[in-house]
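Hi,

Here is the structure I promised to pass on.

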Amino acid sequence: MKEMTLVSSLQRYRCWKEKQPMVWNTIIKSRRDWSIIPHLHDYGQARAAFSWDKARRELEGLPGGQGLNIAHEAVDRHAAGPLGDHLAMRWLGKTGKVQDYTFGRLRELTNRFANVLRGLGVTTGDRVYVLAGRIPPLYIAALGTLKNRSVFCPLFSAFGPEPICARLAIGQAKVLVTTESLYQRKVAGSRSSLPHLEHVLLVGDDYKSADVPGTQDYRRLMEDASEKFTIGPTDPEDVALLHFTSGTTGTPKGAVHVHNAVVAHHITGKLALDFHKDDIFWCTADPGWVTGTSYGIIAPLTNGITSIVDEGDFDAERWYGILQDQKVSVWYTAPTALRMMMKAGTDLVRKYNLSALRFLASVGEPLNPEAVVWGQQAFGRPFHDNWWQTETGGIMIANYAAMDIRPGSMGRPLPGIDAAIVRKTQGDGGIDGGVEVIQEPDVQGELALRPGWPSMFRAYWNEPERYKQCFVGGFYLTGDLAKRDKDGYLWFVGRADDVIKTSGHLIGPFEVESVLIEHKAVAEAGVIGKPDPVAMEVVKAFVSLRDGYEPTPALQRELLGFARARLGTVVAPKEIEFLPTLPKTRSGKIMRRLLKARELGLPEGDTSTLESES
Ligand code: ATP
Ligand code: MG
């Protein structure tokens, strides 16, 4: 099998530069008129000078050398210093309510929650789950749990009862903080099968314990608890977080992270998201996913900046309104949201004054070049793609602020991160024989990282074998395929499971999808390999259309021709099928494995994280 694609992303980027010089020049220019010098401005020097020990020294540590605790770095050290009255978090309710929390106020509330846990007999290492929308108690419980040295595990509130109970059971949750309505709808029915779940704390103004047996009143417990709490000695290797993966490729895994991860959260916030004093930061991810915790809670707080938390769901006008009214300066979102904004068009965004925006970043899925360029047109600034996983706990590869953006590339490894493109070798012990690092540029292989960064996962909860299999030949293998160009930019090809093998070529779905969404009628595209007796697999694309376009045979033919002209006959889809929407995980990732299973009439596998398709 030849490891090549006919039209590599790099070549596409080059032709882009020729085809769209205006756009390209604007992108270059936008990085020259900095109002603030980016933290990471000399890449070579920053990498050479970097060490994790130095990064650790940017944090304080618990008083008296008692170790390192995420919540101390996020809240207490700022509360006790000049930032005590600084706005740490502004919460925007669905219906227009606004609540502000200074670092000082957050300290009191998280102390109270830690005392609640202590009062309930919840101790070090016990799992405290939160199942809630983006409401303040979620954030307070997360940080209070970390203060108590218990393990915080967020569950996405839109999950159905089964995935929720499965995750509660896997992690043997001792405490669950949720709302009455979520509890009644999603947990109560299976409570008897959750023997470890000792305490259910319900959030809500109308709570009456008599109505909901086996539960307690969060508000009452908080009111009765003291607002003084001293964090006990915390070993940096103590378990802090349990995060389930998105389940894009298979059964979700519970990635275990330790308190030391805060070193990576903090420094990547600074280097990859370019946090500066007085920034107003908005991470749109839900804390049910790792992004919403590492960057929606921890990193902005450790960096002492203000975070916006919006309870509402995506709505282009609402979002533009928030960016404008809250004067957001750094914005971290996801390709799926961006594609929805593209769908809504550029006219809408132009109605808003977004002049406070300084830095835009995206994560979670490959960011199509078209979306980078659209961002430039719509916001006057490009989106900076970055790459990481639940397992890595923090950003590993980024288009950092001072970097020339090559649309379609996920950037370069951050200081402290050694990334390689590798291929597995067949040693005596099969794949345990090791890996070979691919040195030549533009050759596809598996993206691998040298273990050792602080936010690396320490286990998959209760799955030691699955964890062990991720490490081969001194590398952590990410399961993603990528290439590195001669300048060190990394290009995402696809998940190893999604790559299509056709007529002797390996094709990454991402570049085929990216070409399709360049067409004005296409909103989203998901590409799979469909078994074929001759070619092994052929490329099939599923496409959803922008508003105003009809799924006609003529458009189908046009799209096939459009893709063929750009990708060549081998890589271009042979078939295109229109769908009203593509199946996605609740974190917004296109589930290609589901498209494939449906295409082949096979069982759909684990769909616990599938977004409702109604
Ligand atoms: P599962 O492991 O359960 O299948 P998942 O991999 O989607 O789910 P996450 O840890 O949330 O769970 O997502 C990480 C993955 O998302 C990466 O391995 C990669 O495939 C994809 N990803 C994240 N950021 C990017 C990016 N900037 N470009 C391309 N892919 C990305
Ligand atoms: Mg994964």
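Asp 442 sits in the loop between strand E18 (435-437) and strand E19 (445-449); helices (H or I, at least four residues) and strands (E, at least two) here are DSSP runs, numbered from the N terminus. Its phi is positive, about 60°, although Asp 442 is not a glycine. Most residues other than glycine have a negative phi. Asp 442 counts as partly exposed because its relative accessibility is 33% (buried means under 20% relative accessible area, exposed over 50%, partly exposed in between, with a 1.4 Å probe and protein chains only).

Before going on, some housekeeping: this is a predicted model, in which local features need pLDDT of at least 70 and side-chain atom pairs count only at pLDDT 80 or more, while totals for chains, interfaces and linings use all residues. Residues are numbered from 1 along each chain as its sequence is written, chains are lettered from A and ligands numbered from 1 in the order in which they are written, and side-chain values use heavy atoms, with hydrogens and water left out.

Two other residues have a positive phi as well. Arg 149, in the loop between H7 and strand E4 (151-156), has a phi near 60°. Lys 327, which follows H13, has one near 55°. Within helix H13 itself (residues 316-325), the buried residues include Trp 319, Tyr 320 and Leu 323.

Now to the ligand. Which residues come nearest to ligand 1? Of the 22 around it, they are Gly 247, Thr 248, Thr 249, Asn 386 and Thr 390 (a residue is near a molecule if one of its heavy atoms lies within 4 Å of it). That shell is made up of five nonpolar, ten polar and seven charged residues; Ala, Val, Leu, Ile, Met, Phe, Trp, Tyr, Cys and Pro count as nonpolar, Asp, Glu, Lys and Arg as charged, and the others, Gly among them, as polar.

Strand E14 (383-387) and strand E23 (490-495) each supply at least two residues of the shell, and E14 gives the most, with three. Domain 1 (9-52 + 260-495) and domain 2 (102-253) each contribute at least three residues to the shell, with domain bounds taken from an automatic or database domain assignment.

There are polar contacts too (pairs of N or O atoms within 3.5 Å). A nitrogen atom of ligand 1 lies 2.8 Å from a polar side-chain atom of Asp 385, and a nitrogen atom of the ligand is 2.7 Å from a polar backbone atom of Asn 386. On the Gln 389 side chain, an N or O atom is 2.8 Å from an oxygen atom of ligand 1. The protein covers 95% of the 630 Å² of accessible area that ligand 1 has on its own (areas by the Shrake-Rupley method with a 1.4 Å probe).

Next, the inside of the protein. The largest nonpolar core has 101 residues, with Phe 113 and Tyr 332 making the most contacts inside it (a core is a set of buried Ala, Val, Leu, Ile, Met, Phe, Trp, Tyr and Cys residues joined through side-chain atoms within 4.5 Å). Helix H7 (residues 136-147) provides the largest share of this core, seven residues. At least three core residues come from each of domain 1 and domain 2.

Finally, is Lys 174 buried or exposed? Lys 174 is buried, because its relative accessible area is 16%. You will find Lys 174 in the loop between helix H8 (161-170) and strand E5 (175-179).

Cheers

How values were computed
A polar contact is a pair of N or O atoms within 3.5 Å; within protein, one must be able to donate a hydrogen and the other to accept it, and residues adjacent in sequence count only if both atoms are side-chain atoms.
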